[in-house]
Amino acid sequence: MPARPSGEMASLVRAFDWSRTVLGPMESWPDRLKATVDLILHARIPMALLWGADGVLIYNDGYRAIAGGRHPAILGKKFSDAWPEPARLNAQMLDVVLGGQVLHYRDQHLVLHREHGPEDGWFDLDYSPVVDAQGVPAGVLMVVTETTDTLRTEQRLRMAQESGGIGTFEWYPDTGRLDVSPEFRKIWGFGPHVQVTDRMLMDLVDPIDLPRTGPARIDQANPLEYAEYRIRRADDGELRWIARRGEVITAPGGQLRFLGVSIDITDRKQAEEAVRTSEARWRGLFEQMQEGFYIGDLIRDASDMPVDFRFVEVNPAFEVHTGLPWHAMIGKRVRDVIPGALEHLLPIFARVVETGTPEQFEAQIPALEDRWFEARARLVGGDRFAVLFIDITTRKLIETALAESEARFRSLAQSVPNHVWAAGPDGRLDWFNDRVCRYSGMDAATLSGDGWESIVHPEDQATTTLHWKAALADGSAYQTEFRLRRHDGVYRWHIARALPIRSEDGQIRRWIGTNTDIDDRKSTSDALARLAETLEERVAERTAELTRAHEALRQSQKMEAVGQLTGGIAHDFNNLLQGIVGSLDIVQRRLGQGRVDDVDRFVSGAMASANRAAALTHRLLAFSRRQPLDPKPLRANPLLGSMEDLLRRTIGMSIDLALVTANDLWETLCDANQLESAVLNLAINARDAMPSGGRLMVETSNAWLDEEEAARAGEVRPGPYVCIAVTDTGTGMPPDVVERAFDPFFTTKPIGKGTGLGLSMIYGFTRQSDGFCRIRSEPGRGTTVSLYLPRHQSAAPVEEAAPVRPVAPEVEDGWTVLVVEDDLTVRALVVEILQELGYRTLEASDGPSGLQILESPERIDLLLTDIGLPGLNGRQVASGARACRPDLKVLFMTGYAENAALANGFLGPNMALITKPFPMDGLVDRVRRILNGNME
């Protein structure tokens with residue numbers, strides 16, 4: 001029984017936890033694995049075992065020295081993880097050897113990361129398969145012999161020959177003395193009289209190489225170490241490569257002397273770098289090229305006849321074109337991996353090797369799913385050849401399909417009832433079906449090429465040729481109409497169409513065309529054109545009739561709306577006028593009878609009717625967006641808060657009120673009084689819709705209308721709005737009522753309970769304020785009316801409450817008021833009341849006469865003018881007056897504002913407005929306050 005292996009690696013292998021690897025616990029290993037491990041652990045030369053498809057690494061003491069700093073971490077690792085630098089070489093090796101082959105590499109150059117980082121090394125590598133109990137390769141036995149020192153010794157000899165000399169030096173560690181030869185001085189760039197020191201040498205070594213090479217002197221503990229490094233020459237600073245080696249000699253008396261040599265190897269290093277760069281560039285091209293590529297070696301029999309070939313190099317694209325794993329092909333015989341390929345390929349490659357002449361060929365390989373390949377082979381040297389190839393199976397299938405399609409096309413083309421023809425890519429016609437020949441009375445040979453043009457009508461030839469050349473130029477579909485001569489000399493109209501047939505790469509391979517007889521259709525085209533003209537005339541007449549009918553319908557609808565509006569106005573005004581006229585008639589009778597005791601009762605009745613008439617007028621103006629407004633920057637939350645008590649008293653105890661306001665509500669610009677009136681009207685409507693009680697919520701929020709929402713609202717600008725929504729839980733409204741809710745005089749309340757102008761007034765107010773209204777309602781679920789007012793951003797802070805107005809003083813003597821009013825009765829009433837209070841008055845009945853007085857030297861403290869004056873309107877009179885009286889105060893009277901400009905920029909400094917009809921006390925109060933400097 002052999003002795004149990006000893007040594008560091010034997011102990012490590014036995015102590016290693018193999019259960020963490022794919023091999024499993026050591027006691028479960030197969031006998032062949034245990035025997036092979038014993039073999040390598042007994043061996044003195046560097047050996048390793050790679051077991052399994054992943055190559056789990058087990059090595060001996062000799063291999064441990066090669067592993068260097070990687071030991072012991074690589075024990076039990078996959079070979080690709082243990083040595084990742086030569087990954088491609090290792091992967092190919094495992095595939096080949098586990099396939100039953102033996103591999104040998106001599107002086108293989110590898111860059112390995114060992115104890116001191118990346119190191120160049122040269123090795124003889126021998127790989128043999130280790131079979132399991134069934135004779136199947138299960139592992140790889142690796143024998144490694146490092147030849148680095150041998151090769152470097154050879155390099156040093158070559159370097160000495162190349163450099164023409166070797167620089168020598170002697171160093172005495174005990175004294176620090178350093179003697180150098182003239183050749184050494186020449187290599188390092190020192191002059192003949194410079195005393196060279198060890199420190200000087202260290203300063204010249206390139207800092208990049210210091211961590212690897214150490215100081216300039218060689219460590220006594222390792223005197224035979226060979227090193228290569230860069231220096232900057234002392235005389236010119238040129239970067240040079242130096243190789244050095246030395247040995248320690250013990251002189252008599254025990255004194256140590258270090259002998260060394262330095263050689264300039266710059267030329268060799270530059271050549272090596274150029275080779276590495278070229279090899280890396282070639283390798284990158286080799287691995288990235290799209291075409292399949294491989295290098296093969298012919299295999300000959302005993303009689304020197306080629307019998308097979310082996311893959312030596314294979315690029316990754318090989319797998320793309322063949323479907324075979326490219327890395328598994330290296331080292332394999334073609335007979336073993338692609339059965340049946342030799343009979344197609346070997347004769348060609350043998351000729352290339354024997355004659356040295358490249359060959360290009362196509363071959364179909366049955367073993368590769370009958371794929372077709374196009375290839376080019378050339379001689380590399382000896383029995384070695386290189387092959388560049390691509391898969392052309394798809395092209396071959398297309399060519400076959402085209403041939404079959406051509407046959408089917410000809411058969412089909414002979415059976416169709418039209419002329420069918422074909423042309424090459426150049427546009428020359430080369431095939432016609434029998435129908436073309438029978439029609440023209442000419443054979444296909446005569447029609448081929450440009451011969452077909454002879455049967456085209458002379459007047460159509462130029463256009464036909466132009467269209468055909470245009471289609472050929474850009475590859476577009478061809479279509480034209482021309483007359484073709486029949487065998488009896490008669491010309492008939494045909495429409496010709498042709499389409500290009502393209503190959504897979506987009507190139508035009510053929511043109512297929514047809515000629516279809518359209519002569520009968522052409523014969524009827526004039527009649528159709530005349531019919532189309534008369535049809536257009538009839539359509540135009542009918543359209544005109546429909547337009548007139550639609551216009552009449554719109555006019556009827558308009559008159560119906562006007563009738564409804566005027567009927568409602570007449571009804572309400574007749575009732576109001578009846579109260580006024582009837583009361584004044586009784587007053588007149590009582591005065592005639594001298595009875596004045598109960599006159600006040602009838603005067604009060606007339607005044608009440610007049611006030612109701614004024615309110616009705618205001619509602620109509622609001623609906624028509626003609627009421628005079630006084631818009632100012634406004635915060636809606638404080639205004640609604642001030643209305644809370646009023647709203648609670650209005651809706652009564654049976655209805656709960658909720659006021660929900662947004663914390664960050666924007667400002668808006670509107671008439672505060674009109675907004676209060678609108679909210680109050682909505683609250684009254686909500687109260688009437690909840691006779692048994694309910695809940696009323698007034699809510700504010702910020703809203704943003706996009707383009708689509710603004711378009712649905714109609715004549716509304718998109719952007720930011722302040723929303724005030726009033727929601728009740730009342731009876732609600734059906735859709736048809738919602739649609740008419742804003743119509744004037746429309747109401748669902750009993751007769752005498754409403755005028756039908758409340759919502760229409762709110763609608764007019766919001767539209768005149770550049771906003772809009774929305775109603776959402778559902779029977780039995782309540783109603784929400786939302787008012788949207790545009791956001792306003794003002795520079796000055798918004799007033800939260802109206803200032804307290806000062807009490808007007810007594811009339812100052814001499815104050816003069818100019819009254820300009822075209823209505824005689826109104827002018828007389830105004831002048832009468834002003835004179836009773838002690839004011840001096842001047843009068844004018846139109847704009848020009850008023851302006852004439854204003855341009856006179858008369859004292860005038862206040863201009864009181866109607867807006868709608870003949871000649872010049874009131875605003876124009878005021879503007880003219882400001883030219884000569886810039887500080888003149890103006891009070892406008894109006895019963896009807898001509899446009900919405902009155903609410904935006906109409907009033908200038910020291911200007912105010914009062915709306916007709918007004919109570920006389922109201923006029924007097926307004927005049928007093930203005931003359932005392934209060935324009936509010």
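Biologist: Taking buried as under 20% relative accessible area, exposed as over 50% and partly exposed as in between (1.4 Å probe, protein chains only), are Phe373 and Phe389 buried or exposed?

Modeller: Both Phe373 and Phe389 are buried. This is a predicted model, where local features need pLDDT of at least 70 and side-chain atom pairs pLDDT 80 or more, while totals for chains, interfaces and linings use all residues. Residues are numbered from 1 along each chain as its sequence is written, and side-chain values use heavy atoms, leaving out hydrogens and water.

Biologist: How many aromatic pairs does the structure hold?

Modeller: There are 25 aromatic pairs, counting Phe, Tyr and Trp rings (for Trp the six-membered one) with centres within 6.5 Å, and calling planes under 30 degrees apart stacked, over 60 edge-to-face and the rest tilted. Phe373 and Phe389 form an edge-to-face pair, because their ring planes stand at 75 degrees, with the centres 5.8 Å apart.

Biologist: Where in the chain do Phe373 and Phe389 sit?

Modeller: Phe373 belongs to strand S14 (residues 371-381) and Phe389 to strand S15 (residues 384-391), so the pair links distant parts of the chain, 16 residues apart. Strands (E, at least two residues) and helices (H or I, at least four) are DSSP runs numbered from the N terminus.

Biologist: And what about the rings of Tyr721 and Phe772?

Modeller: Their centres are 5.7 Å apart and their planes at 80 degrees, so Tyr721 and Phe772 are edge-to-face as well. Tyr721 is in strand S25 (residues 719-728) and Phe772 in strand S26 (residues 772-778), so this pair ties together parts 51 residues apart in sequence. Tyr721 is buried at a relative accessible area of 3%, and Phe772, with 2%, is buried too.

Biologist: Which residues form one aromatic cluster?

Modeller: Tyr294, Phe309, Phe311, Phe318, Phe349, Phe361, Phe373, Phe385 and Phe389 form one cluster.

Biologist: Changing topic, where is there a cis peptide bond?

Modeller: A cis bond joins His71 and Pro72, with omega about 5 degrees, and Pro72 lies in the loop between helix H3 (61-67) and helix H4 (79-82). Most peptide bonds are trans, and most residues other than glycine have a negative phi.

Biologist: What is phi of Asp370, then?

Modeller: Phi of Asp370, a residue other than glycine, is positive, near 60 degrees. Asp370 sits in the loop between strand S13 (359-365) and S14 and is partly exposed, with a relative accessible area of 40%.

Biologist: And where is Asn910?

Modeller: Asn910 is in the loop between strand S31 (889-894) and strand S32 (911-915). Asn910 has a positive phi of about 60 degrees, although it is not a glycine, and at 31% relative accessibility Asn910 counts as partly exposed.
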